[in-house]
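Here are my notes on this structure, written for someone opening it for the first time. Please read them with the model on screen.

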Amino acid sequence: DELWARQHTKAAQQLYSLCVDLRGFYLKTGQFIGARGDFVPEQICRKLSLLHDQVPPMPAAQAREVIERELGAPLEALFEWIDLEEPLGSASIGQVHKAKLRCPRQRKGRPFLRPVQYPDALPTMSLDLSNVRLAAAFLSKTEIKFDMVSAVDELAAQIRLEFDFCREARIMDAVARQFQLNHRIDVPRSVPGMVTDRLLVMNFLDGIPITRLERHTQKWVLSAATKQMAAKRILSRVSEAYGRMLLLDGLFQADGHPGNILVMKGGKIGLIDYGQSKQLPDPYRAAFAQLVLALDKGDNAAIATALRGVGVVTEREEAPLQARLAYGMFDTRGSVDPFAPDSPIKAMGIEKFPPDMFFVLRVVQLLRGLKTGMKVAEFSAASQWKPYAQEA
């Protein structure tokens, strides 16, 4: 174990350096791996989780230049203060700075966040995606019986939309309206007149990124039972947010990594970053609701039927294996490691996986990663989502 721990620690540093040096899609891949504590070694997860919001940022002078060009005015004319030296977060597409607006009548001069897009991010990401598509085609033919090319194409389409901050602001405001009466979940809103394709000004959510929660609470004297109860409550609220988005409205935040989740005062959950967002068409939303109800009930035959209903076509029709596949893909109780010898993907193969369900799959993998990382023993997203599925 000690030998493997040293090897994983060394590999983690090398992977982190590789992602930071190459940036683009490789950063996004690192973010995904860093959230998968259910089958990725702890040392690698811990190091790559820094990519969620702690990537080396652009220099302050460059950030100032981008902001002033986008807003068409000196910073001093728009903000009482702005922190350009230490971004609140920085990731694959851009970075976030804290500031306070000058106009006291608008939002009473509260602090605001502003994501600033990296100037060369789009061409870098586009080149990376074309290379990854080739690798996906090779893996689909040789290693994994899964149409990974369609998954990469869907991801590429969403990532390109991520560079349109005007679109992000519209979606973020629409999702915020979904939760305006919910006291457990909060979503920021954009500031009218201060949104461009490459810059987005929004109100500040005061919270701790869920990736840093453990370090933040280490100084507190809490019993193991209290920590477990708090972890389960936080996970439950994150899951509630996604369940409501997926099943009741169909419009959901699809960039599934923990860096986009804040834990706020009183255990309230803040969801940020709507660059990758998805509108689940009503037929898929209804079919997914049927699958959630079947998973909650635990009927293998019903699960197999519902899995076909969402458009997942397997090479073999075998209900127990199809149920294992469904739990691995669409509920936190299962697991899905496509490289494992007993993987249901290897046993059956997936002939067709609908692009509209790819980001639903990604949401569930995020929740499973959180469940593992937060050491929550028993938790089923499908069981929690049952009332929303019945309403859908």
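Which class does R184 fall in: buried, partly exposed or exposed?

1. R184 is partly exposed, at 33% relative accessibility. The classes are these: buried is under 20% relative accessible area, exposed is over 50%, and partly exposed is in between, with a 1.4 Å probe and protein chains only.

2. A word on the source. This is a predicted model, in which local features need pLDDT of at least 70 and side-chain atom pairs count only at pLDDT 80 or more, while totals for chains, interfaces and linings use all residues. Residues are numbered from 1 along each chain as its sequence is written, and side-chain values use heavy atoms, leaving out hydrogens and water.

3. Overall build. The protein has 16 helices and 14 strands; these are DSSP runs, with helices (H or I) of at least four residues and strands (E) of at least two, numbered from the N terminus. The radius of gyration is 21 Å, close to the 21 Å that the globule rule gives for 392 residues, so the protein is as compact as a globular protein of that length. That radius is taken over C-alpha atoms, and the rule is 2.2 Å times the number of residues to the power 0.38. The C-alpha atoms fill a box of roughly 65 × 45 × 45 Å along the principal axes.

4. Packing. Buried residues make up 52% of the 392 residues. Of the contacts (heavy atoms within 4.5 Å) with a separation of 6 or more, 69% join residues 24 or more positions apart.

5. Salt bridges. The count is 14. The rule asks for a side-chain nitrogen of Lys or Arg within 4 Å of a carboxyl oxygen of Asp or Glu.

6. R184 and E240. Their side chains meet in a salt bridge at 2.7 Å, N to O. R184 lies in the loop between α8 (165–178) and β5 (185–186) and E240 in helix α10 (residues 224–249), so the pair ties together parts 56 residues apart in sequence. E240 is buried, at 6% relative accessible area.

7. D296 and K386. This salt bridge has its closest N and O atoms 3.7 Å apart. D296 sits in helix α11 (residues 282–297) and K386 in helix α16 (residues 381–391), 90 residues apart. D296 is partly exposed at 23%, and K386 is partly exposed at 34%.

8. R308 and E317. Here the closest N and O atoms of the salt bridge are 2.6 Å apart. R308 is partly exposed at 38%, whereas E317 is exposed at 53%.
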